[in-house]
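Trainee: I would like to learn how to read strand pairing and chain interfaces in a model. Please take the features one at a time.

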Amino acid sequence: MKSANNILARIRTATQIKSHLPVEKSEAEKNVLEGVKAAMPKDSVGLWQQFRTELEKVAGEFYEVKSNSDLAELLAQVIEKSNFNSLALDGNADALEIASRAAINLAALEIIDVTTLAAEERRERLSNANLALLSAPYAIADIGSIVLFPNEMTSVLAHLLPECVMIIIRQDQMVANLGELFAQVPAERAKSMLLVTGPSRTADIEKILILGAHGPKRLIVAMYKK
Amino acid sequence: MKVALFIPCLTEHLFPESALAMVQVLHHFGVEVEYVEDQTCCGQPAFNSGYRKQILPIAERFIKLFQDKEYIIAPSGSCTAMVRVFYHELDLKDHLKSALADLSQRIFEFSEFMVKVAKVEKIPGRFFHRVTYHDSCHLLRELGVSDPPRQLIRSIDGIEFVEMEKPDTCCGFGGTFSVKYADMSLAMVERKCRYIVESKAEYVIGCDSSCLMNIQGYLTSHRLAPQTLHIAELLSRSMGL
Amino acid sequence: MELTPTKIKAYVKNALLDGNLKTAVDRATQTALTKRQDKVDHMPYWEDLRHAAHAAKREVMEHLDRYLEEFEKNCQKNGIQVHWAETAEEARAIIYQLIQDNNVKSIVKSKSLTTEELHLNHFLIERGIETLETDLGEYIVQLLDQIPSHLTAPALHLTRKDIARIFQEKLGVDYTEEPTELAAIARSQLRRKFLAADMGISGVNFAIADAGAVTIVENEANAALTISVPKIHVAVMGIEKLIPRLQDLSIFLRLLGPSATGQKASSYVHIVSGPSPASRKEGPEQVHVVILDNGRSKILADPQLRELLFCIRCGACLNVCPIYQQVGGHSYGWVYMGPIGATLIPSYLGTKAGKYAPYLSSLCGACFEICPVRINIPHHLVKLRNDIVNDGHSLLLERLGISVWAFLAKHPLFYRFATWFPGKLQQLLPKGKSFPGPGWSPNQRPLPAFDSRGFRKRLKELERKKAI
């Protein structure tokens, strides 16, 4: 690879020249870790409360649920209140069960199992879906983020195309910050990761905040609390 | 305590009163002053414009003239910064480099010296006026001086001190910048003067005559009420010197 | 586009006269700064973050060859195809080859200033490939055939009226100034394009050496769709985008959000290390990374200017710059603008073509104060001015002036004459009048009167008086 070699050769020559740059405080990273730690809530209740605060700051919606029937009820409420008529699922059996339960009293609800659709059809159907129901393996408290691993998902478009996305997380999957996440999740897994913080947004028009730029307008997080 | 005066060229040629006021104030606090003969310019305008080679002999001259002084004081943040910070970037001979390192510990801007070295806490006298303060860029960001001038101002009886909006925004002088990009420089001083007028201050105090000259020029030609006043002159007036 | 100091001064002058531009830029920069300050106030370890980030970038730049090799190796292990481009021309050729090999007819792009640097869009559109910007600001700017005026807020210089007019004219939609309606129009126009595109081209915020992955940070989900819908994802990055380890993202993301948009965290952070697994039936089958030099290795070779490569393109220096705040980005004349732009323009384009840029600064230092990776921009501006002078691109008149001044500064007698003489000349002027400042118009900023005695003489007088 001629270009690669040329570039690397030029870089090697360049870096033989010693830098004039200031050498930074070696304590800096340590101080950051301590500072971040000091700002962390002390217990798991504190953690999810912090998550809730941060999520709501970025216009996310937060609900606590204690059981599958709780969740089904929440789902039904959201669908009814917003007049949704199509719900996309990513093939998760639990989610299907919950959705069916929610749909019992909802006349016109269409349930789409994304995994049964071919790629072309998926895009179309998901674009027209109002709501998607997914579950996430982790959440990050200090920034109110949801952690997804796209390679482990049956459909990434399911959380991007519909106008509203509901994500289920478990309280014991809440981590304090990104550093903690990297400590818990091996690099093999973490290198294909997506952090979602609130619905999509833009401020490109006169710095006015508008939700739902190209992705979801609403993000709902339902947390299973023990 | 004896201090050597480092007089910026702008002060020497256009604003000698500010330096004279500084001398009067220092005398009052029992500080002896010495004028180093044959001092000229620190080299800042040329250095900032990219003429590093030409500065070298000027810097060498400065270091030799001032190296044995106990303290060196300038009524200017930018000139002090030039010596204390930027001279270190020059290709000086080794013995001058170490002389500079030593000298750097003993060179101060005036208000900085008053508060940090002379430990002045209160300025006697009174000044029954409303004033605001402009942070000169090098004084603030290269020397880290923000509180000392404010402390001195606040300590004066009868003075009403108000902060203008964004006091640390550049006044637009920037030396040759005001010539090269005159329109841009003008827009910047216009904005600064707007903040000054909005603060309703009668005087805007500063530690650098270059900034004050720039600001006063605009205030005068637009017949705006506020007046610029160098901190040394504020102090000497309050003290009735 | 040949830019001369005269042209740039004209741009600046026009920008200053444009009231709408001033309002728009002022509002945008103030909003960003206020929101940023609010986040920084709650992070007492902010300064340590900056030092840590500087250290990480320094580590990478000092050993860039090693880190790039590590990055390539790990990318390839993950299934990413890695390409190297020495020049803009080569980068365009590589991308065009991929397009031809894969029969690509339409492309969606997420925000990438690196691709602006390459003039990629025009190149592809000329060859009949539909190439659409999808970031709302970039989309609008593309409709206008302009370049972005800010690093992270491309349409910062436009008002809703401007955008309403463009949409009506170029998209044939009904006129509306309502921002939510404008955004909805863009959403539906682009949704169709996303779903039909053959290739998605993105930039890279951080390339991670130890993971063999690229990180893309955004708010709109346009990058998400760009990299998740089409069958091919091409990520374009300069060699300087590298950070050593995956966990360094903790430091850089904490700095980027507040610095760029005043957010604690951006809406989407994508860490991409390869194509979609086949089982998923959606997403890219191919992921390519194009590693670009295009003059960066030359900057790397300068032991001081190397620091310019640390830039994470947050735009904070633009927001705080008293010059940018009043004229916006187009006055700088290139794809990188503001304080960092003023350093990059001569660094990339040469001291002759770029000689106007480092002087478009009063050296106030606000940029260094705010830079999340602690790039000492004023320091580099002075160095670049020095390079411009040494390369012989300064004005003769200026060189003469400096020579005269240097002579005076070395000869105290003549220096004192220079105090005395203008003062005497002053006396010839009518009372109350003073000299015009060079370049200053006398009715805008008159100089004060010269005192022919100067300080030295007056001090002597004072001392004499005291001795009596």
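Mentor: Start with a strand pair in chain A: strand S7 (residues 164-170) and strand S12 (residues 218-224) run parallel and share seven bridges. Two strands pair if DSSP finds at least two bridges between them; strands (E, at least two residues) and helices (H or I, at least four) are DSSP runs numbered from the N terminus. The model is predicted, so local features need pLDDT of at least 70 and side-chain atom pairs 80 or more, while totals for chains, interfaces and linings use all residues. Residues are numbered from 1 along each chain as written, chains are lettered from A and ligands numbered from 1 in written order, and side-chain values use heavy atoms, without hydrogens and water.

Trainee: Which residue is the bridge partner of Ile167(A) in S12(A)?

Mentor: Val221(A) is that partner.

Trainee: What is the strand order of the open sheet in chain A?

Mentor: The six strands, paired in parallel, are ordered S1-S12-S7-S4-S2-S3. Strand S1 (61-65) and strand S3 (110-113) of chain A are the edges, each pairing on one side only. From one strand to the next the twist averages 20°. Axes here are lines fitted to C-alpha atoms, for helices over the stretch in contact, and angles run from 0 to 180 degrees between N-to-C directions. Helix H4 (residues 68-82) of chain A packs on this sheet, and its direction makes about 165° with that of S12(A). The strands that H4 touches are S1, S2, S4, S7 and S12 of chain A, where contact means heavy atoms within 4.5 Å.

Trainee: How is an interface sized?

Mentor: The size is often given as the accessible area lost when the parts come together. Buried area here uses a 1.4 Å probe and is summed over both parts. Chain A and chain C bury about 7,200 Å² between them, with 57% of it on carbon and sulfur atoms. Asp204(A), Glu206(A) and His214(A) supply 12% of the area that chain A buries against chain C, more than any other three residues.

Trainee: How many salt bridges and polar contacts are there between chain A and chain C?

Mentor: A salt bridge puts a side-chain nitrogen of Lys or Arg within 4 Å of a carboxyl oxygen of Asp or Glu. The count between chain A and chain C is nine, and one of them joins Glu29(A) to Arg245(C), with the closest N and O atoms 3.2 Å apart. A polar contact is a pair of N or O atoms within 3.5 Å; within protein, one must be able to donate a hydrogen and the other to accept it, and residues adjacent in sequence count only if both atoms are side-chain atoms. There are 47 such residue pairs across the interface of chain A and chain C, both residues at pLDDT 80 or more.

Trainee: Which strands pair between chain A and chain C?

Mentor: S9(A) and strand S9 (residues 268-272) of chain C pair in the antiparallel sense over four bridges. In this pair, Met193(A) stands opposite Ile271(C).

Trainee: How many residues of chain C are in contact with chain B?

Mentor: The contact involves 64 residues of chain C and 63 of chain B. These two chains bury about 5,800 Å² between them, 61% of it on carbon and sulfur atoms. Tyr415(C), Arg445(C) and Phe455(C) supply 14% of the area that chain C buries against chain B, more than any other three residues. Between chain C and chain B there are eight salt bridges; Asp183(B) and Lys13(C) form one of 4.0 Å, N to O.
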